[in-house]
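Please read these notes alongside the model.

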Amino acid sequence: MTTPGIVPNSWEVEGRRLAPLLDGVDAVVIAGNDPAAAASAAIGVARMQGQRRRVAVADLVGEAPAIEALLTGDDPHGIADSFLYGVSLNKIARPMREADNVFLMPSGTEPVDHEGVYANERWRRLAAGFHQVGALLIVVARPSVPGFAQLCAHLGSLMPVGDTTFPMPGGVPLIAPPAAPPPPAEPTTTPTSNTARRAREAAQQDETGRRSKLLAVVLVLGAIAIAVGAMWPQILTRLPAPIAALLERPPADTAALVVPPTPMDTTPVRDTAVAVSTATPAGGATTRGDSAVATAAREPLTVDNPADSTVAARFAVYFATANTRAAAMPDARVRALEAVALSPVLDGTERWFRVTVGASASRPEAEALLSKLRAEKLIGAGSIVSVPFALRLESKVTAPMVKARLDALATRGILGYALRQSDGSATIYTGAFESPAQATALADSLRVVGVAPVLAYRTGRAF
């Protein structure tokens with residue numbers, strides 16, 4: 001949809017017309033020497049694709065007017081803040097006006113048109129996440145920026161727009177470029193002579209021929225790229241093992257998110273808050289560098305209540321991820337929501353802090369919570385995740401004592417939450433995890449500060 005009274009420009013109209021070409025695409029770079037044309041075409045594509053699936057448009061041009069005009073809210077953060085400072089992509093993604101299924105990721109508070117952002121390996125992981133959930137990632141970029149070729153390779157396809165007199169990245173499938181907007185109609189004049197008329201007709205025929213040849217080349221390249229993509233698994237099986245290992249893409253993220261949490265760069269991030277408390281507890285705190293303490297504290301985790309797996313409150317709303325506990329810590333409005341969990345999880349060699357909200361035994365109930373959070377503008381994109389496991393801190397807590405117990409944990413730096421059980425009592429948990437292995441890091445930290453956690457399927461309803 002388009003806001004009433006606003007007439008889309010010719011490039012947005014062209015983007016809408018060509019949107020079906022992206023039906024089988026999960027990630028694409030839209031670029032041209034005219035960034036305004038590229039951004040408008042991207043908006044047109046997003047509007048049409050957003051009618052059947054979720055779409056995210058990332059601004060790597062830098063405050064592109066076509067994107068800025070459609071942003072909701074006044075949060076200044078964007079791609080730069082995510083890549084440089086750890087702000088979650090889910091937090092910066094904002095619904096586009098008049099298109100609830102389209103999310104815009106602005107450039108942010110610092111420049112993004114440089115190689116550090118364009119060539120970042122994170123784009124490959126994001127593209128894999130979008131492929132996993134059937135969503136579409138559109139990145140609007142400048143072809144003149146160093147790292148543009150790597151960006152296109154990470155995302156896997158390129159749609160050139162407008163003036164395309166720039167080097168095309170090798171090996172990247174091209175999607176047919178939009179035709180240039182028609183020029184204003186020329187005033188009707190009487191031909192000065194038959195010779196002039198024939199000259200104009202010949203020039204038009206030459207231009208039409210050149211465009212037809214270019215379109216044919218683009219279509220052939222696209223067909224080849226599609227065929228190679230379809231046969232790629234078979235091709236890999238016939239290659240020598242070392243070469244196949246180099247060419248094979250890394251596996252997609254396992255969390256089915258609209259914008260999956262991913263590392264910001266390839267440099268391991270030092271954990272600033274391995275101990276649950278930010279203050280030194282009476283028993284002494286540990287850091288990532290204190291490997292002796294962490295190793296001594298580690299004990300195998302086993303699920304205490306396996307029989308409850310079928311009734312677990314496994315569904316939650318994914319809220320945000322950051323690379324430090326301080327950056328991930330939700331503000332007071334979010335902490336007031338139901339079953340807010342802050343969970344340290346490992347991604348390769350890096351530790352991340354994930355925030356989820358809610359605990360539901362049914363997916364529809366979790367989806368209702370997500371809709372409510374969006375309506376109240378507490379979350380931008382968000383998604384539903386399955387996190388059935390948690391660390392149980394206490395059970396059989398009477399209702400009047402719940403707040404006091406949670407406050408006591410908070411003074412020790414532990415973010416706990418309570419779930420009401422069938423007998424009216426409450427069980428207090430911390431963290432929310434997809435697997436028992438994910439809970440190990442938090443369990444170690446709790447033991448260091450004198451808390452004995454129990455791994456369990458979380459049960460009950462939000463308190």
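**Notes on the model**

1. The side chains of R405 and E394 form a salt bridge, with N and O 2.0 Å apart. The term means a side-chain nitrogen of Lys or Arg within 4 Å of a carboxyl oxygen of Asp or Glu. R405 sits in helix α15 (residues 402-411) and E394 in strand β11, so the bridge ties together parts eleven residues apart in sequence. Helices (H or I, at least four residues) and strands (E, at least two) are DSSP runs, numbered from the N terminus. R405 is partly exposed, at 29% relative accessible area. E394 is partly exposed too, at 31%. Here buried means under 20% relative accessible area, exposed over 50%, and partly exposed in between (1.4 Å probe, protein chains only).

2. A word on the basis. This is a predicted model: local features need pLDDT of at least 70, side-chain atom pairs count only at pLDDT 80 or more, and totals for chains, interfaces and linings use all residues. Residues are numbered from 1 along each chain as its sequence is written, and side-chain values use heavy atoms, with hydrogens and water left out.

3. How many salt bridges does a search of the whole structure find? The search gives 14. One of them pairs D304 with R392, the closest N and O atoms being 2.7 Å apart. This pair links distant parts of the chain, 88 residues apart: D304 is in the loop between α11 (291-297) and β7 (315-322), and R392 is in strand β11 (residues 389-397). D304 is partly exposed, at 46% relative accessibility.

4. K396 forms a salt bridge with D423, and their closest N and O atoms are 2.7 Å apart. Again distant parts of the chain are linked, 27 residues apart: K396 belongs to strand β11, D423 to the loop between β12 (417-420) and β13 (426-433). K396 is exposed, at 61% relative accessible area. D423 is partly exposed, at 48%.

5. Look next at strand β2 (residues 55-59). Five of its five residues are buried. Both faces are covered: V55, V57 and D59 lie on one side, A56 and A58 on the other. Strand β2 runs parallel to β4 (residues 99-105), joined by four bridges. It also runs parallel to β5 (residues 136-141), joined by five bridges. Strands count as paired if DSSP finds at least two bridges between them. A56 has a bridge partner in each neighbour: F103 in β4 and L137 in β5.

6. Is T356 buried or exposed? T356 is buried, at 1% relative accessibility. The residue lies in strand β9 (residues 350-360). Neighbours within four places in sequence aside, T356 contacts A316, V317, Y318, F319, A339, V340, A341, V385 and A432. Contact means heavy atoms within 4.5 Å.

7. Last, the helix pair. The axes of α1 (residues 10-18) and α2 (residues 35-49) come within 7 Å and cross at roughly 40 degrees. Axes are lines fitted to C-alpha atoms, for helices over the stretch in contact, and angles run from 0 to 180 degrees between N-to-C directions. The two helices are therefore oblique to each other. Angles under 35 degrees count as roughly parallel, over 145 as roughly antiparallel, 65 to 115 as roughly perpendicular and the rest as oblique. The contact is made by W11, E12, G15 and R16 of α1, and by α2 residues including A37, S40 and R47. E12, R16 and R47 are also linked in a network of salt bridges.
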